[in-house]
Amino acid sequence: MTNNDIYILNPHYHLRNDTRRILLFSKFHTNGKSSNNWYGFIHPLQAIMLGFFTYKRNLKENITLLSQYFHRTESEIERYVIPFINNDKLLSTHWHNTEIIFPKNVLVKASQNDTYLALSPDSFICHDLDLISRRLYNAPLSITLMLTNRCVTHCNYCYADTHTRIMNRLSTERICELIEEAGKLQMKSVNLIGGEIFLHPDWALILKKTVDYKVETEYISTKMPLTSNIIDALLWTGYKGIIQISLDSLNSDVLKSSLNVGNDYLKSVINGIMLLDDSGLKFQVSTVLTTYNSDIKIMTELFSFLSKLKNITTWNIVTVHDSLNSQLKDFHSLKPSHEQLNKLFEELKETVKYSKINVAIDENTLNKEYYSDQGGSKYFKGNKCSALSMQFFILPDGKVTICEQLYWHPYFIIGDVCNNSLSSVWNSKRAKFLAYRAWNDIRPTSKCYECTLNKECFEHNNRCWVDIMKAYGKDNYDYPDPRCEFADKMKNYIGY
């Protein structure tokens with residue numbers, strides 16, 4: 001590192017003014033030297049500092065300019081800036097006892113192909129600073145667009161609402177307008193899902209729009225047997241994300257029983273995978289474990305096939321989860337026992353020990369604890385819920401709900417994008433009520449009613465509404481999260 005070197009804000013990182021703080025985030029598929037799927041809040045003055053490194057200037061020039069801007073000596077500025085250059089570990093700073101954490105390699109040496117964004121300090125002006133609350137102020141970080149709820153299979157374990165009849169679909173023109181708005185709002189992504197997205201007549205046009213506005217989805221998941229026409233359309237869009245193929249077995253009888261498909265389905269899926277593999281597009285395969293396929297022979301046969309593919313990156317193996325929309329009377333008949341899964345996982349680890357592809361076995365479900373977490377939702381173990389804090393879900397008719405698995409449940413509809421902007425729905429009266437005042441709806445029948453932590457717990461927005469309703473029924477969304485130490489015994493046990 002010399003004073004003549006040019007350092008820039010890592011091109012994988014993005015800065016967005018969120019009214020009362022600055023959001024620093026990365027998108028999908030960063031390089032190995034950057035923090036993937038990162039987001040966090042930083043102080044506006046820190047963002048201004050980083051903004052100086054979006055111009056084609058060497059380190060010495062930036063330190064001099066920063067010294068003049070902040071009215072500090074160059075040596076003071078240098079001591080503050082240097083830790084951000086090529087930092088190989090997360091970087092921690094503090095402001096008024098609030099810890100602010102930065103990702104790896106915040107400032108990196110510029111290359112010939114880098115673009116200089118020339119960000120103005122004025123773009124980072126904020127008032128009434130808030131570096132603590134989770135919910136974004138001006139707009140979500142990402143949105144999910146359900147293009148259609150139609151599908152090509154009828155999986156016994158499906159959690160999607162594929163039965164609601166949609167009378168007025170969101171037009172392709174309006175979808176594209178929403179994607180443009182998402183780009184202008186500096187969103188991370190517009191996720192596209194179904195049903196089956198390839199059943200939407202304009203899926204390729206919509207996907208290309210997300211690519212053009214740099215808000216493309218991380219992956220596209222499909223059970224559709226791919227054709228050369230679909231693959232050619234994928235190539236035309238310029239999409240560089242992952243294609244995820246859902247395949248649970250190479251046994252046709254297993255698929256016919258669990259997915260309710262015809263005799264030719266497996267053959268068509270295999271043909272599609274071979275076409276995809278030859279196209280050069282990267283893809284992954286997802287397998288859902290149920291009582292139909294939780295057998296090491298079935299899994300070994302599938303692994304043997306996947307290992308011969310050239311462009312597969314990952315094999316994801318997940319356990320079946322309870323569904324709010326299942327048409328199956330005895331859903332628990334689909335769930336292997338805890339012991340059966342433990343045994344299968346150990347056998348799988350041995351089978352894939354020398355695999356050239358990444359094999360990701362989701363064992364978290366088996367280790368999830370219930371009735372144990374203390375202190376309210378702020379301290380619940382597991383991933384933080386992003387509903388109401390970072391994202392929302394747009395249904396095929398334009399109605400907006402807070403979470404992918406809630407669909408048209410009327411309690412959670414926060415707006416409609418047919419005639420309203422993304423930012424106005426995010427800040428709608430209903431959205432803010434669910435985010436900040438839903439504790440007012442707690443009924444005396446819920447144990448949360450008399451809990452001294454109910455306001456804080458609900459406002460932290462880390463209760464899983466979906467798991468609560470899976471465990472206690474669709475009308476009991478005000479019950480405790482099953483993880484809570486005060487939770488009732490589940491009417492429907494959602495664990496293993």
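The following questions and answers concern the predicted model shown above.

Visitor: What kind of model is this, and at what pLDDT do side-chain atom pairs count?
Guide: Residues are numbered from 1 along each chain as its sequence is written, and side-chain values use heavy atoms, with hydrogens and water left out. The model is predicted; totals for chains, interfaces and linings use all residues, local features need pLDDT of at least 70, and side-chain atom pairs count only at pLDDT 80 or more.

Visitor: What percentage of the residues in the chain is buried?
Guide: A residue is buried under 20% relative accessible area, exposed over 50% and partly exposed in between, using a 1.4 Å probe and protein chains only. Of the 496 residues in the chain, the buried share is 53%.

Visitor: Among contacts between residues at least 6 apart in sequence, what percentage joins residues at least 24 apart?
Guide: A contact means heavy atoms within 4.5 Å. Among the contacts in the chain between residues at least 6 apart in sequence, the share that joins residues at least 24 apart is 68%.

Visitor: Which residues of helix H1 are buried?
Guide: Helix H1 spans residues 44-51 and is mostly covered, with seven of its eight residues buried. These residues are Pro44, Gln46, Ala47, Ile48, Met49, Leu50 and Gly51.

Visitor: Is the pair of Phe84 and Phe102 stacked or edge-to-face?
Guide: Rings of Phe, Tyr and Trp (its six-membered ring) pair if their centres lie within 6.5 Å; planes under 30 degrees apart count as stacked, over 60 as edge-to-face and the rest as tilted. The whole structure holds 17 aromatic pairs. For Phe84 and Phe102, the ring centres are 4.9 Å apart and the planes stand at 90°, so the pair is edge-to-face.

Visitor: How many residues apart in sequence are the parts that Phe84 and Phe102 tie together?
Guide: Both Phe84 and Phe102 are buried. Phe84 lies in the loop between helix H3 (74-81) and strand E5 (91-95), whereas Phe102 belongs to strand E6 (residues 98-102), so the pair ties together parts whose separation in sequence is 18 residues.

Visitor: With which residues is Ala435 in contact, leaving aside its neighbours within four places in sequence?
Guide: Ala435 is found in helix H13 (residues 429-437) and is buried, with a relative accessible area of 0%. Its C-alpha atom is separated by 5.9 Å from that of Leu388, 47 residues apart along the chain. Beyond its sequence neighbours within four places, Ala435 is in contact with Arg135, Leu388, Phe458, Glu459 and Asn461.

Visitor: Which residues form one aromatic cluster with Phe458?
Guide: Phe458 is one of the residues in contact with Ala435. The residues that form one aromatic cluster with Phe458 are Tyr411, Phe412, Trp465 and Tyr477.

Visitor: Is Tyr371 buried or partly exposed?
Guide: Tyr371 lies in the loop between helix H11 (364-367) and strand E15 (391-394). Its phi is near 60°, a positive value in a residue other than glycine. At 31% relative accessibility, Tyr371 counts as partly exposed.

Visitor: Which residues does a cis peptide bond join?
Guide: The loop between strand E9 (189-193) and helix H5 (203-212) contains Gly195. With omega about 20°, a cis peptide bond joins Gly194 and Gly195.

Note on methods. Helix = DSSP H or I, 4+ residues; strand = E, 2+ residues; numbered from the N terminus.
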